Structures are given as structure tokens and as C-alpha cells.
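Please view the structure below before reading on.

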Amino acid sequence: MSQHIAKPRTTAVILAGGTGQRVGLSIPKQLLKIAGKAVIEHTLTTFENADSIDDIIVLMAPGYVPDIEKIVAKAGFTKVKKVIEGGSTRNETTERAIAALGEGLAEGEDLNVLFHDAVRPLLAQRVIDDCVVALERYQAVDVAIPSADTIIVTRTHGEDGEFITEIPDRSRLRRGQTPQAFKLSTIKRAYEVAAGDPNFQATDDCSVVLKYLPDVPIHVVAGDEYNMKVTQPVDVFIADKLFQLASTAAPEQVSEEAYRELLTGKTVVVFGGSYGIGKDIAELAEAYGSKVYALGRSTTGTHVENPEEVDDALSKAYAETGRIDYVVNTAGVLRIGKLAETDNATIEEALKVNYLAPVQIARSSYKYLAETKGQLLLYTSSSYTRGRAEYSLYSSTKAAMVNLTQALSDEWAGDGVRVNCINPERTATPMRTKAFGQEPSGTLLSSEAVARTSLDVLLSELTGHVIDVRQQDPTAAAGRASGFEQALASVLDRQDGVA
């Protein structure tokens with residue numbers, strides 16, 4: 001009779017000992033805010049959401065442990081079991097982690113351990129899962145990507161500066177990333193052997209295994225171009241833009257019964273609810289038991305560009321139901337034309353409807369959403385990343401929606417109010433038909449599909465995200481592209497004229 005062997009637990013160790021000096025900061029760079037959240041919060045969210053990770057410990061720069069504890073408590077990270085001070089070097093920090101991991105282990109018990117830099121916030125779930133799977137066969141695992149640059153080896157000759165001494169074969173060179181994954185017993189043994197070397201020094205953990213346990217093979221898992229490390233000042237800017245470009249995938253849909261359970265008794269206010277995506281959201285939410293206020297110029301006479309009418313609509317919904325859980329704004333105008341030939345009235349309309357109205361809706365909604373810990377849902381366009389000729393007003397106001405989303409999600413996080421932004425691919429709506437006329441069937445998303453995803457986002461715990469809604473590519477069903485490839489494809493689509 002075969003005996004079932006339980007899989008070892010898998011712990012993520014987040015190494016957050018950096019001080020931020022190279023980025024020119026007075027605080028550790030892992031506490032710097034990118035896309036509305038501290039860098040380390042993005043990193044912790046990734047591991048919190050990873051099914052293959054059982055628990056997390058954080059090694060934080062001395063003096064900043066309380067800051068991380070506050071982030072963990074506020075975000076509700078249930079997998080974070082310990083936050084302890086790191087050492088003065090990377091090696092000392094890892095040794096402290098190993099000691100903490102060994103506490104409470106039964107004799108002969110082992111763990112899977114993933115060491116990850118806190119300042120790599122764009123880690124893909126796929127990389128985490130690949131590391132855990134690799135540990136079923138190997139004792140040590142690294143993550144790396146091919147080098148796109150030629151690497152040179154130099155030597156300094158006095159005051160004459162550096163000279164090339166060697167140019168290694170680029171086809172064999174890889175750029176190391178994290179996580180680095182090990183059996184706890186293996187990395188512990190490597191450090192025990194290293195302790196006997198008076199000259200021991202290493203900048204990563206795989207090099208410790210390579211040098212002191214040469215008989216242990218180190219398997220390499222494919223990394224991701226997105227998995228960058230925020231080290232230099234320019235990295236802060238790049239990471240922030242990557243977060244903006246790398247739209248979040250929509251959360252998985254729940255069952256019909258779950259929709260009904262989650263939406264029954266809730267109050268949903270939809271501005272732009274006369275037709276298109278807004279109308280479909282209103283009908284879906286109402287079908288699942290919500291009290292819905294679908295507001296629009298042509299149905300209820302609500303003009304979103306009029307602050308008083310926005311205030312009145314929200315106060316009426318609150319007075320009648322005693323709550324407002326979700327506020328959605330799909331209202332917008334699309335006017336195509338050369339800016340120099342656009343009259344003042346058209347410019348004013350675009351700014352009032354596409355920018356000032358969402359700002360007013362957000363401001364008026366805040367007090368209601370703070371009471372219910374609800375969500376504000378805004379909408380951008382796939383043209384937001386790159387303004388194009390004859391789209392200057394539309395694309396610039398839609399870019400503003402992304403920045404407004406990220407700013408408000410940060411500003412309102414302390415009150416439990418979530419703010420997200422939907423980024424639909426070209427969608428069949430009356431507004432689009434009016435601007436472009438009839439287009440070939442099958443080339444556009446249906447407004448119902450966008451509405452369904454919008455509902456899923458409202459029911460999720462996401463905040464500060466841009467959620468892409470794109471037509472499914474049947475050729476990609478077996479395996480989706482990496483986050484970097486998806487974002488790149490999305491940007492290229494926008495440059496090729498996708499509205």
C-alpha cells in the first residue's frame with residue numbers, strides 16, 4: 001500500500017533591506033509609492049494572491065518594521081506571518097531569514113523557500129509557479145532572462161581608465177532575477193559551509209550554493225522582462241509607467257448564485273446609463289437584485305457636466321435606499337477632428353464631460369462610498385497611452401482617467417474606498433457608431449462583455465488598477481503571452497490606430 005507524502009509548505013521571503021540611497025531617497029526605496037501603492041505592497045500582493053505560496057515573511061531595513069506592519073494590516077495580507085529586521089548585508093539578511101524559517105520545524109521537516117527582492121514589484125504569477133514546480137525535482141532554482149546586451153569584461157589601467165579584456169559569448173549569458181528558490185535544508189547547509197570561509201561574500205543566494213555546494217545543480221526558470229528591479233532613479237519612472245501600461249487582467253467571473261448573493265440589496269448608481277456599456281451594467285446589476293439608478297441625458301435628463309445634477313442624483317439614491325455601494329461613470333463624448341479647427345464649444349464639451357464630470361462624480365460620491373467601503377469605477381480608452389492626430393481631446397482626457405484612478409485609490413485607501421478603471425478594446429456602442437459609422441462585425445467587443453467584466457471588477461478587492469477588456473485570441477487559448485508581451489501588443493495596437 002503506497003503512502004501519501006504531503007507536499008512541503010512554500011514560504012516566500014521578501015528581502016526588503018535596501019535603504020534607497022541609490023535612488024536619492026530619505027526612505028527605503030521599497031516604501032516609495034508607485035501607481036498609488038508602496039513598492040513592497042505591490043510585491044506582497046503578488047505573493048498573497050499566489051496559490052502556490054502558503055506564507056510570507058518580510059526582512060525589512062532596521063527601523064522600518066512598523067511601517068511594513070501597518071501596510072500588512074491595512075491591506076489585510078493574511079499570509080504574512082512575520083516582519084523582522086534584516087541585517088547590514090544581503091548575506092546577513094538571508095541568514096536571519098533561514099533562522100526564522102527553522103523555528104518550529106519538526107526534525108526532518110523541510111520547506112520550499114522563495115527569496116524575492118521587495119523592489120521587484122512586477123513579478124508574474126507564472127514565474128512563482130514555475131519556481132515551486134521546479135523545486136519538486138531540484139534543490140536550488142534561479143530565475144533568469146537572456147541578455148539583450150553584449151557584455152564586456154574590463155580592467156582598469158591606472159589613470160588611463162578601463163579597457164576591454166574579454167567579450168563573452170552572449171548566447172550563453174543570462175540576466176539573473178528573483179525569486180531564487182531552494183529547499184530550506186539546502187540553502188541552510190550552503191550558508192553553514194560558507195561560514196567557515198573568512199572571505200565569504202555574495203550578492204545573491206544561488207552563488208552561495210554554487211560555490212559552497214558545487215555538487216548541487218541549480219536549475220534555471222525563465223524569467224520575465226517585466227520583472228525589473230527598482231534600483232536607480234530612472235527605474236522609479238519606468239516602473240510607474242509599466243504599471244500604467246500593464247493593465248490588470250479582469251478577475252475571474254463568479255457563479256450566477258454568487259452574483260446574486262453579492263449584489264442583492266446593494267445600491268448601484270450608473271452615470272451614462274442611457275445606452276451602451278452603462279445601460280448593460282445597470283440591467284445586469286438589477287437582474288442580480290441591486291437597486292440601480294441608471295442616469296443619462298436622454299432618459300433621466302441628468303447632465304454629468306452639471307455638478308448640481310450629479311449631487312442631486314446621488315443624494316436621491318441615498319435618501320431612497322440608505323446606501324450607495326457602487327458608482328459607475330461610463331458617460332463620455334468622442335469628437336474627432338484637428339484641434340486647430342475645433343471650436344471653443346466642442347473643446348469645452350469634451351473637457352466638461354470627459355474630465356470635469358468624472359472629477360465631480362468622484363468628489364460627490366466619496367462620502368457615500370466611504371460609508372459602505374464601496375467602489376468608484378471609471379473608464380478609459382485604449383488610446384490613453386499615446387495621443388494620436390485628431391484624437392487630442394479624447395485621448396488626453398482618457399489618460400487623465402488613469403491618473404485620477406491611481407491618485408484616488410491612494411487617497412481613499414485609508415477609508416476602504418476602491419477606485420478602478422476599465423480599459424475596453426474597441427467596443428460596439430452608439431457613441432462609437434456615431435463617430436465611425438458601421439464597422440465590420442466581429443471586429444468589436446460587445447458592450448455586454450465589457451459590462452460583465454465591469455461587474456466582476458466591482459465585486460473584486462482590486463483598487464488602483466486599469467483592467468483591460470480585450471477580445472479573446474483563439475490561438476492563445478493554450479497559453480497566454482507574458483504580461484510584458486501583452487502590454488507591448490496593446491501599445492502597438494494603439495499606435496496602429498485602435499481607438
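A residue counts as buried when its relative accessible area is under 20%, and as exposed when that area is over 50%. Values in between are called partly exposed. Cysteine 421 has 0% relative accessibility, so it is buried. Cysteine 206 has 5% relative accessibility and is therefore buried. The model is predicted.

**Cysteines**

The structure holds zero disulfides. A disulfide needs two cysteine sulfur atoms within 2.5 Å. For cysteine 206, the closest cysteine sulfur belongs to cysteine 131. The distance is 9.3 Å, so the two sulfurs are too far apart for a bond.

**Backbone**

Most residues other than glycine have a negative phi, and most peptide bonds are trans. Some spots in this model go the other way. Threonine 178 joins proline 179 through a cis peptide bond, with omega near 15°. Proline 179 sits in strand β10, which covers residues 174–183.

Lysine 373 is not a glycine, yet its phi is positive. Its place is the loop between α11 (344–372) and β15 (375–379). Glutamate 390 also has a positive phi without being a glycine. Glutamate 390 belongs to the loop between β15 and α12 (392–411). The table sets out both residues.

| Residue | Phi | Relative accessibility |
|---|---|---|
| Lysine 373 | about 55° | 47%, partly exposed |
| Glutamate 390 | near 75° | 36%, partly exposed |

Where do these two residues stand, given the cut-offs? Lysine 373 is partly exposed because its relative accessibility is 47%. Glutamate 390, at 36%, is partly exposed too.

Notes. Residues are numbered from 1 along each chain as its sequence is written. This is a predicted model: local features need pLDDT of at least 70, side-chain atom pairs count only at pLDDT 80 or more; totals for chains, interfaces and linings use all residues. Side-chain values use heavy atoms; hydrogens and water are left out. Helices (H or I, at least four residues) and strands (E, at least two) are DSSP runs, numbered from the N terminus. Buried means under 20% relative accessible area, exposed over 50%, partly exposed in between (1.4 Å probe, protein chains only).
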